[in-house]
Amino acid sequence: MAPTTLHLRSEDKPLEHRSALTPTTAKALIQAGYVVNVEKSPVRIFDDEEFSAVGATLVPTGSWREAPKEHIIVGLKELPEETFPLKHVHVQFAHCYKQQSGWDTVLARFPRGGGTLLDLEFLQDPASGRRVAAFGYQAGFSGSALALKNWAWQLTHPGGEPLPGVESYPNEDALIADVKKDLAAGQEKAGRLPRVIVIGALGRCGRGAVDLCLKAGLPTEQILKWDMAETAKGGPFKEIAESDIFVNCIYLSSKIPHFVNVDSLKAPGRQLSVVCDVSADTTNPHNPIPIYTVATTFSKPTVPVDGLDNPPVSVISIDHLPSLLPRESSESFSNDLLPYLLKLNDWQNDPVWAGAYKLFQEKVATLPKEALEN
Ligand SMILES: NC(=O)c1ccc[n+]([C@@H]2O[C@H](COP(=O)([O-])OP(=O)(O)OC[C@H]3O[C@@H](n4cnc5c(N)ncnc54)[C@H](O)[C@@H]3O)[C@@H](O)[C@H]2O)c1
């Protein structure tokens, strides 16, 4: 039987430096008998040569369109906005299963061309129902980093100007060095280190959030690690107002009492000046942190909370935090995905991929007829 060829796309979004395959996972796939074609990429955090060094074949940027039909196209984020029908099996995040705007046009391209979407967001272990690979850890890690930077920034810029834009870091060490430097400057002004509360501390994002604080040099007793047990009594929680920084990392699955709201934060004795809402359920009506309404970005990381001063409170609500650490995010995601990537040569008979295919078929069945006719 001919070996299965995987074709790694170059991502299309200009600020997307992450990659679904890394040199490490490409090497493992090649050793297992796969052919790995890697599009040359001007944006990927890994150099093209890192892939050729492990035996991958470099192919032109965007060449997935002309790849033989049986090649499996692997990418991370959405395809470029085009309309031609898709003939390949695509492994990626397509963001078209939750009725997002334009979902029908995006999804219809697959059945129109006889192609298949195996969406990475819905790759689940059938026994536990948990996602097999997600970007949570680096999201929490990056969110905590920005929160500590913002705490220090507020102290060193009492005039109230907001934290300037940030760019992705080449690696984790560079981020930690930067946070340590800022934290030292903040500590000098405050005469102490901040107290941080992480809620959802036992989850992927939460573990990342706690680890960043530790790696930045906060003693463990400065970090309150809360999860279900601690919030069971129902908020709002004075422990949040009494902390300097609140990093929210919960997976919100139902309506719960507010963790904080503007009224609870108006009570005297508040220390809190930074919230990083890693969960970023910004527009969800059950958002347990109803103190802001917009998603922030790397270029404008914070939004102030109206009605709170002395000290002012600002919120970080970036919904693409893992992109701050594209190298480690890619490594960790692709490593978690590797056992399943290794099954792609017989994906129809693997329960995880078959589950993704079943979902694809179910979603295609909901497409309006007009979408299939274009
Ligand atoms: N901002 C970003 O860039 C970004 C990136 C990745 C994930 N996320 C989001 O972060 C959230 C968490 O993702 P995850 O992968 O860490 O999930 P997870 O399931 O691994 O962890 C969630 C944790 O929250 C806890 N939890 C749930 N409800 C709680 C409550 N009421 N009180 C206290 N703890 C509670 C759970 O017990 C669990 O430990 C998700 O909403 C996800 O979409 C955001």
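1. Helices (H or I, at least four residues) and strands (E, at least two) are DSSP runs, numbered from the N terminus. Just after helix 1, Gly33 takes a positive phi of about 105°.

2. This is a predicted model, in which local features need pLDDT of at least 70 and side-chain atom pairs count only at pLDDT 80 or more, while totals for chains, interfaces and linings use all residues. Residues are numbered from 1 along each chain as its sequence is written.

3. The chain is divided into domain 1 (5–133 + 326–373) and domain 2 (136–324); such bounds come from an automatic or database domain assignment. Their C-alpha centres lie 32 Å apart. The contact takes 9 residues from domain 1 and 8 residues from domain 2, where two residues are in contact if their C-beta atoms, placed from the backbone, lie within 7 Å.

4. The largest nonpolar core has 99 residues, and Ala147, Leu148 and Val247 are among those that touch the most other members. Such a core is a set of buried Ala, Val, Leu, Ile, Met, Phe, Trp, Tyr and Cys residues joined through C-beta atoms within 7 Å. A residue is buried if 20 or more other C-beta atoms lie within 10 Å of its own, exposed if 12 or fewer, and partly exposed in between, with C-beta atoms placed from the backbone. Helix 4 gives the most to this core, with 10 residues. Both domain 1 and domain 2 give residues to this core, so it lies between them.

5. Helix 1 (residues 23–31) has as its buried residues Pro23, Thr25, Ala26, Ala28 and Leu29. Their cover includes strand 1 (5–8), strand 2 (35–39), helix 2 (48–52) and helix 10 (326–341).

6. Around the ligand there are 26 residues, of which Gly136, Ala139, Gly200, Gly203 and Cys205 come nearest; a residue is near a molecule if its C-beta atom, placed from the backbone, lies within 6 Å of it. Helix 6 provides the largest share of this shell, 3 residues.

7. Two cis peptide bonds deserve attention. One joins Gly235 and Pro236, with omega about -5°; the other joins Asn310 and Pro311, with omega about -10°. Pro236 is placed in the loop between helix 7 and helix 8 (238–241).

8. His95, although not a glycine, has a positive phi of about 50°. His95 is partly exposed, with 14 other C-beta atoms within 10 Å. Asn310, also a residue other than glycine, has a positive phi near 60°, and with 6 C-beta neighbours inside 10 Å it counts as exposed.
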